[in-house]
Amino acid sequence: MLAEIKGLNEECGVFGVWGHEDAAQLTYYGLHSLQHRGQEGAGMVLTDGEKLTGVKGEGLVMEVFTAERMKEVSGKGSIGHVRYATAGGGGYENVQPLLFHFQNESMALAHNGNLINATQLKAQLESQGSIFQTSSDTEVVAHLIRRSGFTSLKDRVKNALSLVKGAYAFLFMGEKQLILARDPYGLRPLSLGMIGDAYVIASETCALDLVGARFVRDIEPGELVVITDEGITSEFFAVANKRAMCAMEYVYFSRPDSDIDGINVHTARKNLGKKLAAEALIEADVVTGVPDSSISAAIGYAEAAGIPYEMGLIKNRYIGRTFIQPSQALREQGVKMKLSPVRGVVEGKRVIMVDDSIVRGTTSRRIVRMLKEAGATEVHVVISSPPIKNPCFYGIDTSTREELIAAQLSVEEIREMIEADSLTFLSVEGMVEAIGRPDAGETGGQCLACFTGKYPTEIYEALEKQPTPIS
């Protein structure tokens with residue numbers, strides 16, 4: 001997927017530690033467990049209580065944090081980040097956490113999400129003398145914090161957050177404190193855990209589990225949490241709006257072993273598959289899922305349909321997600337290298353292929369062809385989400401509307417394009433019911449904008465709104 005707001009859009013993972021002597025090592029392992037959220041760059045910044053030091057680079061976690069480079073950082077507090085580059089947003093300078101050294105203090109920040117009024121804010125800041133070193137929307141927040149007239153870092157962060165709009169889970173760190181913030185809609189996930197007396201923060205609970213942290217709670221929408229050696233305090237910097245957790249966290253992004261806002265991702269995906277079978281029961285011999293994010297849904301479909309689930313596609317574990325490759329050419333080559341059909345499973349069989357989404361259709365077409373080349377007599381594609389017809393402005397790297405195949409073609413035309421014998425998408429209502437969030441309302445407390453076009457916030461770039469004045 002390519003960004004609608006070029007160069008400012010990113011889907012990432014954040015991780016933080018406070019009060020642990022092995023903060024650097026914990027951050028390494030935590031980021032490794034979040035690697036699925038970004039493979040283009042990684043970084044961490046640590047504090048020893050007196051100064052901030054950082055290591056970052058382009059590439060995978062294990063490539064960036066070599067044994068030699070890990071000797072450069074130490075401390076009891078840390079924040080870390082994994083990211084992937086969008087069009088115009090790559091390069092070393094955009095790898096987070098961003099680290100700033102001022103005359104009397106230092107500050108680091110890491111961000112998962114997207115600020116929809118960043119372009120206007122950046123233009124205002126530049127007109128007032130700010131000089132930007134990156135093309136990341138995250139740097140806008142750093143300038144807002146620095147220009148604030150408040151004394152404490154907490155108050156400056158609160159002031160900056162009052163000016164930005166969009167989706168975010170932020171980690172801010174000074175020499176003596178760690179600050180967490182989640183946007184008023186809760187569009188991006190952020191969880192808090194503990195190891196002994198030390199605090200651990202992560203985009204997904206799978207990272208807490210990996211480092212042996214006990215899950216405490218999710219950071220609430222609109223909440224600001226400050227962690228110091230004296231303990232933890234919490235307040236709300238904004239009135240929490242109607243919850244709008246990104247539905248794609250359940251469908252695709254998060255690991256199956258994570259709990260997002262209290263709902264296990266594997267269970268949610270399995271329920272998506274069951275609901276899909278209820279809406280579209282197809283006569284077939286085997287059900288298979290596209291690894292990895294569609295396996296849970298495929299198991300659910302097979303269980304509900306009474307059709308055997310088989311491993312009809314094998315993933316090469318040493319190839320990254322095609323979704324987050326930086327160019328279409330690399331994505332298409334990646335599909336060929338990434339998946340292999342299991343001829344002994346699909347040959348002579350009517351196959352139901354479960355996938356989580358169709359964006360451009362090129363990946364789906366290649367997989368359908370592979371299954372048929374391996375001898376499948378029929379390939380029926382069922383998708384455990386509705387058609388993606390609208391771009392995302394909140395940090396998921398979805399395409400422009402012109403590049404989204406469901407915005408251009410009917411379901412039948414998409415079926416012909418991907419060469420499937422049938423194609424079925426899950427309904428919006430079925431998805432909301434299957435995920436089963438307890439929130440009231442037709443959205444089930446989720447952002448469904450990429451499916452419905454109903455955005456929970458104003459879209460400044462799209463609607464050409466005037467930005468909020470900087471004070």
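The model is predicted, so local features need pLDDT of at least 70 and side-chain atom pairs count only at pLDDT 80 or more, while totals for chains, interfaces and linings use all residues. Residues are numbered from 1 along each chain as its sequence is written, and side-chain values use heavy atoms, with hydrogens and water left out.

**Annotated active site**

- The UniProt record, an unreviewed entry, gives the annotation "active site" to Cys 12; such annotations may be inferred rather than shown by experiment.
- Cys 12 is located in the segment before β1.
- With a relative accessible area of 0%, Cys 12 is buried (buried means under 20% relative accessible area, with a 1.4 Å probe and protein chains only).
- Beyond its neighbours within four places in sequence, Cys 12 has contacts that include Arg 37, His 81, His 111 and Ser 203 (contact means heavy atoms within 4.5 Å).

**Strand β1**

- Gly 16 belongs to strand β1, residues 13–18 (strands are DSSP runs of E, at least two residues, numbered from the N terminus).
- Gly 16 has 0% relative accessibility and therefore counts as buried.
- Residues up to four places away in sequence aside, Gly 16 touches Ser 78, Ile 79, Leu 171, Tyr 199, Val 200 and Ile 201.
- Between Gly 16 and Leu 31 there are 9.4 Å, C-alpha to C-alpha, and the two are 15 residues apart in sequence.

- Cys 246 is in strand β14, residues 245–246, and is buried at 7% relative accessibility.
- Cys 447 is in strand β23, residues 446–447, and is buried at 9% relative accessibility.
- Cys 246 is in contact with Cys 447, and also with Leu 187, Arg 188 and Ile 396.

**Cavities**

- There are three cavities of 30 Å³ or more (a cavity is a set of points, on a 1 Å grid over the protein atoms alone, where a 1.4 Å probe fits but cannot get out).
- The largest cavity has a volume of about 90 Å³ (the space filled by probe spheres set on the points).
- Of the 11 residues lining the largest cavity, Cys 246, Cys 392, Ile 396, Cys 447 and Cys 450 are the closest to its centre (lining residues have an atom within 4 Å of a point).

Note on methods: Helix = DSSP H or I, 4+ residues; strand = E, 2+ residues; numbered from the N terminus. Buried < 20%, exposed > 50% of the residue type's maximum accessible area, 1.4 Å probe, protein only. 1 Å grid on protein atoms, 1.4 Å probe; cavity = no way out; pocket = protein on both sides within 12 Å on 5 of 7 lines; lining within 4 Å.
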